[in-house]
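Have a look along with me.

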Amino acid sequence: MLLVRYGFPTLLALLLLALPCPAQTPEVTVESARILDYGIFSSDISAFILDEGVADHSKIVSRDFSLIEPTADVKARLGTGFGIKYVVLGQPCGDEVEVDVTVEHPPLFNPKSGKTYLFSRTKFKQRLGRPGHAIWTFDEGWTLCPGKWVIRVEYRGRLLAKQEFAVTLAH
């Protein structure tokens, strides 16, 4: 048996180290966001979620995004999706934050709800330092509206990223 003699201060320090510590989670800080790509995207839709903050009441959950054409000029046709690929920067990298995605668009009248929308807003979970997408898809004929469209990503009311698009009707 090996015996080691410790003085009282050393013994006290060892005992304090052995006590369980409350878990400390680092505070999440969101610094900024960067737009990595913008334009026409395709994706695989995995789910539709009812969201009355969106003009067509449909929040689409997708995966496997592909940039088809980098552009800010969009020809509106059913099935066309346009938007941004972005990354939210902050610490600790990989932690999840909730961002607000807002699409400002010309007035859209939803015939099912009887309401006119000037913007559509929804929330998404986004991991810091990992790419995310904010895409609008023309799913209904009444959403095919020419004009200025703006996609905004915000965190707690603070603008992180913004991209403008000029939408025209396809012939």
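I worked on a predicted model, where local features need pLDDT of at least 70, side-chain atom pairs count only at pLDDT 80 or more, and totals for chains, interfaces and linings use all residues. Residues are numbered from 1 along each chain as its sequence is written, and side-chain values use heavy atoms, with hydrogens and water left out.

I began with arginine 152, which sits in strand E8 (residues 147-155); strands are DSSP runs of at least two residues, numbered from the N terminus. Arginine 152 is buried at 18% relative accessible area (buried is under 20%, exposed over 50%, partly exposed in between, with a 1.4 Å probe and protein chains only).

Next I looked up salt bridges (a side-chain nitrogen of Lys or Arg within 4 Å of a carboxyl oxygen of Asp or Glu) and found six in the structure. Arginine 152 pairs with glutamate 154 at 3.1 Å, N to O, and glutamate 154 is buried too, at 13%. I noted that Glu104, Arg152 and Glu154 form a salt-bridge network.

Lysine 148 bridges to glutamate 164, with the closest N and O atoms 3.7 Å apart. Lysine 148 is in strand E8 and glutamate 164 in strand E9 (residues 158-169), so this pair ties together parts 16 residues apart in sequence. I found lysine 148 exposed at 55% and glutamate 164 partly exposed at 36%.

Last, my disulfide search (cysteine sulfur atoms within 2.5 Å) gave zero for the whole structure. Cysteine 93 is exposed at 57%, whereas cysteine 145 is buried at 16%.

Technical notes. Helix = DSSP H or I, 4+ residues; strand = E, 2+ residues; numbered from the N terminus.
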